[in-house]
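This briefing concerns the fold and the charged side-chain pairs of one protein model. Please consult the sequence and the structure shown below.

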Amino acid sequence: MELGSAAGGGAGAGSAKVEEKKEKTAFDVKLEKFDAAAKIKVIKEVRAFTNLGLKEAKELVEKVPVVLKQGVTKDEANSIIEKIKAAGGSAVME
């Protein structure tokens, strides 16, 4: 009887892993830091993909670390991260 319960536990753990993978389709992009000299470039990039005004984008960037965009696809998140890195910032996907 112990073998049957162990097999049942293994199947439950396997399905939990599948559910975790299915849930992770939306990612958040978080700005962690930026070079002070590149602040203007980072603000311009943030404005480009968030559709914020200059004042709002500046305030957002100054709150580092801050989530810039939520619920984006993995490809879009990677694209945003690359643009932030090119501008002189450091962003991660969560």
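Is E94 buried, partly exposed or exposed? With a relative accessible area of 39%, E94 is partly exposed, where buried means under 20% relative accessible area, exposed means over 50%, and partly exposed lies in between (1.4 Å probe, protein chains only).

The model is predicted: local features need pLDDT of at least 70 and side-chain atom pairs count only at pLDDT 80 or more, whereas totals for chains, interfaces and linings use all residues. Residues are numbered from 1 along each chain as its sequence is written, and side-chain values use heavy atoms, with hydrogens and water left out.

**Overall fold**

- The protein chain contains four helices and three strands; helices (H or I, at least four residues) and strands (E, at least two) are DSSP runs, numbered from the N terminus.
- Along the sequence, these elements follow the order α-β-α-α-β-α-β.
- Among the contacts with a separation of 6 or more, 68% join residues 24 or more positions apart, a contact being heavy atoms within 4.5 Å.

**Surface and burial**

- Of the 94 residues in the protein chain, 24% are buried.

**Salt bridge between K30 and E94**

- The structure holds four salt bridges, each defined as a side-chain nitrogen of Lys or Arg within 4 Å of a carboxyl oxygen of Asp or Glu.
- One of them pairs K30 with E94, with 3.8 Å between the closest N and O atoms.
- Because K30 lies in strand β1 (residues 27-34) and E94 in the segment after β3 (89-93), the pair ties together parts that are 64 residues apart in sequence.
- K30 is partly exposed, at 21% relative accessibility.

- K39 and E62 form a salt bridge through their side chains (2.8 Å, N to O).
- This pair links distant parts of the chain, with K39 in helix α2 (residues 39-50) and E62 in helix α3 (residues 54-62), 23 residues apart.
- E62 also meets K58 in a salt bridge (2.9 Å, N to O).
- Salt bridges with shared partners join K39, K58 and E62 into one network.
- Both E62 and K58 belong to helix α3, four residues apart, about one turn of the helix.
- Relative accessibility is 25% for K39, 38% for K58 and 39% for E62.
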